[in-house]
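I opened a notebook for this structure and wrote down what I looked up. The entries follow in the order I made them.

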Amino acid sequence: MATKGNLGDNRSRSSISVFIVAGLCCFFYILGAWQRSGFGKGDSIAVEITRQTDCSILSTLNYETHHGIDEGVIKEFKPCADRYIDYTPCHDQMRAMTFPRENMNYRERHCPREEEKLHCLIPAPKGYVTPFRWPQSRDYVPYANAPYKSLTVEKAVQNWIQYEGNVFRFPGGGTQFPHGADAYINELAAVIPMDNGIVRTALDTGCGVASWGAYLFKKNVIAMSFAPRDSHEAQVQFALERGVPAVIGVLGTIKLPYPSRAFDMAHCSRCLIPWSGNDGMYMMEVDRVLRPGGYWVLSGPPINWRNNFVAWQRPKEELEEEQRKIEDTAKLLGWEKKHEKGEIAIWRKRTGFRHDQDPQPTMCESRNADDVWYKKMELCITPPPETISHDEDGGAAWKPYPERLKVLPSRISTGSVPGVSADTFEDDNKAWKKHVSAYKRTNKLLDTGRYRNIMDMNAGLGSFAAALDSPKLWVMNVMPTIAEKDTLGVVFERGLIGIYHDWCEAFSTYPRTYDLIHANGIFSLYKDK
C-alpha cells in the first residue's frame, strides 16, 4: 500500500522528467536553428533531413536497381589528396599549358584521357563551412570555402572583392563600374527594357566574379556568366559561392554551348575579348545565341577611344581601327546602334532582318544551328531557321517574364521539336508540379532558401525548374548531348537558363558549387555509354 511519502516522490520525479524533456527540446531547436543559419562548420543539415524524412508519402517507391549492377560488389571511393580540393578535370591548369595559345584554345575544355582520370572523392578545404544564404551570399563568401586572396590585391581599386577577417566581401564593383553595379545597370536599363520582363535571360562574357549578374537579380533578370580558369584565380568559383550562375568557359575556337536565339541580352565589360579580330567571328557567335530584338552591350575599350586612349596607354589609331571593325561587323549582322555614351555602347539585333545587302555576307550552311558541342566556330552568319514564325522573328512572340514561363514556346508551336506538342508541354508541366510538390513534402528545406544553386542534369522542357521558380534559387538546366530530343531552346524561351553537356565528361565548374542536383532519367540515358 502506497504511503503519502511515496506519492510525493513520484510526483517530484514526474516534474523533473517533464523539465528535462522540455529542456532537451529547446536545446535541439536552438541547435537546429544555428545549423540552418549557415554559420556552423560542415553541413549536418543533409544528414539531419535524411534522418527525419517522412517517406510515408512515397512508400510505393521501388529502390531496387534495374541496370544489372552486381549488388554484392560495392566500390568504395577514397578521398583524393588535398592538392585536388579545387580540381577541375577538363580545365586543369597544367594540361591547358600543353595546348596552343592561339585564339584561347588552351583555355577551352581539354578533358583527361581515361588513364589520367581520378577515381577518388574531391575533399573540401580545411575549415569549409555552409555558404551564406541569398541575398547575404551575394555580398559575403567564407574565406575557407575559396581561400584565394590574389584578386583582393590585383583588383583592389576596382572594388571586385575585399578580404575582411574570415570572409570575402563583394562591394559590387567591377573594372568598368568600380562604384557599384546598381548604377551601371540602371544606366543600361535606360535603354534596355529590363524592368518589364521583356529582357529576362542574359549572357555575360568574361564575367570576373559576376557582380553584374549578381545585381541583375534585382530586376528579375538571370545571367549566364562565364570566364576562363586563368591567372584570375577562382573568379568563377567566387561567382558560384555567391549564388550566381556561372561556368568556366571562354570564347575561343569552339562554339558556345548554348542554342541559337537563346539570350535576350549579351554583355561585355572590359572582357578582353578581341571583338574586332578574326574578321568578326566572335560577334557572329554572339549573334547566333542572341534572339531577334536582343541587345548587345560593350563597355570599355575601344568605346570612346578619343577621350581615353591616353589613360588606356594605347595608340589612338589602333583603337580607332578596332571600333571601326566592330561597327562594320555590327552592320553586317543587322544590329542597330541604340546608344553610345561615355564608354558604353548598346546595339539591338533587328527583327525581321534579311541579309541581302551588297556585298552578300557568308551565311552558315549547317541546317542545325544548335549542334554546337565541340563544333568549331565558323566565320559565317547564322540564318533564322526555316520553321521560324513571322511573329517570333518580328518580336510579337517575345512574352514578358514570368508570363513566358507558362505560355507555349514558339519552338513547339512551329514544330521545331519533333514529337513535342502543345499537349505534351501541358502534361509535362502538370507532372512536374506534382513531383516538385512531393519533393517539398519530403525535403522541408527545399523552399526555404537553403538550396540556392540547383542543377537539373536532364532538363527536358525545363518544367522541373518552372515548378521550382522562386527568387530564392536558380536552376542550371542541362541538356545531355545524347538526348533524343534537343529541347534546350525551349528552356531558354521560357525565361530559364541552361547549357549543353555530355555527362561522360566533367562539368565546367568547380567542386562543391551546387546545393542540390536533380537527376531524373540520367542513369537510364547513359546506361550503355
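**Helices on the sheet**

I began with helix 6 (residues 181-189), which lies across strand 7 (263-269), strand 8 (290-299) and strand 10 (344-349) and runs at about 45° to strand 10. Helices (H or I, at least four residues) and strands (E, at least two) are DSSP runs, numbered from the N terminus. For angles, axes are lines fitted to C-alpha atoms, for helices over the stretch in contact, and the values run from 0 to 180 degrees between N-to-C directions. Contact means heavy atoms within 4.5 Å.

I note that the model is predicted: local features need pLDDT of at least 70, side-chain atom pairs count only at pLDDT 80 or more, and totals for chains, interfaces and linings use all residues. Residues are numbered from 1 along each chain as its sequence is written, and side-chain values use heavy atoms, with hydrogens and water left out.

Seven strands form an open sheet in the order 6-5-4-7-8-10-9, with mixed pairing; two strands pair if DSSP finds at least two bridges between them. Strand 6 (246-248) and strand 9 (335-341) stand at the edges with a single partner strand each, so one side of each has no neighbour in the sheet. From one strand to the next the twist averages 20°.

**Strand 5**

I asked which strands pair with strand 5 (residues 222-227). Strand 6 runs parallel to strand 5 and is joined to it by three bridges. Ser 225 stands opposite Ala 246 in strand 6, and Ala 227 stands opposite Ile 248. Strand 4 pairs with strand 5 in the parallel sense over five bridges, and Thr 205 stands opposite Phe 226 in strand 5. The chain goes from strand 4 through helix 7 (residues 211-216) to strand 5, a right-handed β-α-β crossover. Right-handed here means that, with the strands pointing away from the viewer, the path from the first strand over the helix to the second runs clockwise.

Is strand 5 buried or exposed? Six of its six residues are buried, so strand 5 is largely enclosed by the rest of the structure. Buried means under 20% relative accessible area, exposed over 50%, and partly exposed in between (1.4 Å probe, protein chains only). Ile 222, Met 224 and Phe 226 point one way, and Ala 223, Ser 225 and Ala 227 the other way.

**Helix 9 and helix 11**

I looked up how these two pack. Helix 9 (residues 281-289) and helix 11 (residues 316-333) pack at an angle of about 35°, and their axes are 10 Å apart. Helix 9 contributes Met 283, Met 284 and Asp 287 to the contact, and helix 11 contributes Ile 326, Thr 329, Ala 330, Leu 332 and Leu 333.

**Backbone**

Most residues other than glycine have a negative phi, and most peptide bonds are trans. I found a cis peptide bond between Trp 134 and Pro 135, with omega about 5°. Another cis bond joins Tyr 401 and Pro 402, with omega about 15°. Leu 272, in the loop between strand 7 and helix 9, has a positive phi near 65° and counts as exposed at 80% relative accessibility.
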